[in-house]
Amino acid sequence: MGKLDERVIIVTGGAQGIGRAFAMRFAEEGARVVIADVNGPAAEKTAAEIGEAGGEAIAVPTDVSDHESTEAMAQAALEKWGRIDGLVNNAAVFQRPQITRGTVEEITAEEWDRVMAVNVRGPFLCCRAVLPHMKARGYGKIVNISSGTFFSGRSSTQYVASKGAVVGMTRTLSREVGEFGITVNSIAPGSTASDPERDESNYQGRVPDRAIKRVERPEDLAGAGVFLMSSDSDFMTGQTMIVDGGAALN
């Protein structure tokens, strides 16, 4: 028996990196996973890997910044399995060359809008897409992926601002939907070696700040995701779990 047996969970940005780690672990715990990613072929590959390992998954090409696309994402889950138990809002713009690592004066308005469209509008639209079903069932779990940079301020302004908005959304939405049996929490990862094209040595700079002296990997976050999607966290909502090896000690 797995902790997530037969639960249907949507993971946005689930084709690679942190999202992929969540999807793979959820499937190991018995969940049926919707891999929602703007990169359709990559989503298909991850879904196939889950299937080969004995799990259940479907790939749904999804642009989280587009209303119709997120509605189609939710509909695909319902058509396949008839329910939506959980949503992980993981899709985000965060790596070079997508984000300028510079001052406010160096960030263009267009770049600011692009980051907010994916990192803030995306979770908003995905929540809107799944909430009617969750409310009707009187049950659901939403996990928003924030970032440890919200607590440290160590990144570009547009990224930190977007991840701070995710924490704010988590808090307000948890109060709004709690009476319907829906929990809303967030996870704040530290700097994670989630880009397969970058060597882990590129992430060594954050290691000295941590209590646990090693590079953080996507798999380090999967256990927190399982906890927040399982019945173990049924009386926990509006909270942000920091999973960064002890860099931000609250």
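## Chat on the chain: surface, fold and charges

The chain exposes about 11,500 Å², and carbon and sulfur atoms supply 49% of that area.

Me: Is this an experimental or a predicted model?
Reply: It is a predicted model.

Me: OK. How many helices and strands in the chain?
Reply: The chain has 7 helices and 7 strands. Starting at the N terminus, the order is β-α-β-α-β-α-β-α-β-α-α-β-α-β.

Me: What is the radius of gyration, and what does the globule rule give?
Reply: The radius of gyration is 17 Å, close to the 18 Å that the globule rule gives for 250 residues, so the chain is as compact as a globular protein of that length. The C-alpha trace spans about 45 × 35 × 35 Å along its principal axes.

Me: What share of the residues is buried?
Reply: Of the 250 residues, 52% count as buried.

Me: And the contacts, how many join residues at least 24 apart?
Reply: Taking contacts between residues at least 6 apart in sequence, 72% join residues at least 24 apart.

Me: Switching to charges. How many positive and negative side chains?
Reply: There are 26 positive and 33 negative side chains in the chain. The centres of the two sets lie 5 Å apart.

Me: How many salt bridges?
Reply: The structure holds 9 salt bridges. In general, side chains of opposite charge can pair when their charged atoms come close.

Me: Which residue does D232 pair with?
Reply: D232 pairs with K3 in a salt bridge, and their closest N and O atoms are 3.0 Å apart. D232 sits in the loop between helix 7 (219-229) and strand 7 (240-243), while K3 belongs to the segment before strand 1 (8-12), so the bridge ties together parts that are 229 residues apart in sequence.

Me: What about R20, what does its side chain meet?
Reply: The side chain of R20 meets that of E49 in a salt bridge, at 2.4 Å from N to O. R20 is in helix 1 (residues 17-28) and E49 in helix 2 (residues 40-52), so this pair ties together parts that are 29 residues apart in sequence. R20 is partly exposed at 27% relative accessible area, and E49 counts as partly exposed at 22%.

Me: And R214? Which partner?
Reply: R214 forms a salt bridge with D220, with the closest N and O atoms 2.8 Å apart. R214 has a relative accessible area of 36% and D220 is at 29%, so each falls in the partly exposed range.

Me: Backbone now. What is phi of E6?
Reply: Phi of E6 is near 65°, which is a positive value in a residue other than glycine. Most residues other than glycine have a negative phi. E6 lies in the segment before strand 1.

Me: Last one, P189. Where is it?
Reply: P189 is in strand 6 (residues 182-189). P189 is buried, with a relative accessible area of 7%.

Me: Which residues is P189 in contact with?
Reply: Leaving aside neighbours within four places in sequence, the contacts of P189 are I18, I145, S146, S147, G148, E216, L221, V243 and D244.

Me: And how far is T100 from P189?
Reply: Their C-alpha atoms are separated by 20 Å, and the two residues are 89 apart along the chain.

How values were computed. Residues are numbered from 1 along each chain as its sequence is written. This is a predicted model: local features need pLDDT of at least 70, side-chain atom pairs count only at pLDDT 80 or more; totals for chains, interfaces and linings use all residues. Side-chain values use heavy atoms; hydrogens and water are left out. Helices (H or I, at least four residues) and strands (E, at least two) are DSSP runs, numbered from the N terminus. The radius of gyration is taken over C-alpha atoms; the globule rule is 2.2 Å times the number of residues to the power 0.38. Buried means under 20% relative accessible area, exposed over 50%, partly exposed in between (1.4 Å probe, protein chains only). Contact means heavy atoms within 4.5 Å. Accessible areas come from the Shrake-Rupley method with a 1.4 Å probe; for residues, only the protein chains shown count as cover. Lys and Arg count as positive and Asp and Glu as negative; His and the chain ends are not counted. The place of a charge is taken as NZ of Lys, CZ of Arg, CG of Asp or CD of Glu. A salt bridge is a side-chain nitrogen of Lys or Arg within 4 Å of a carboxyl oxygen of Asp or Glu.
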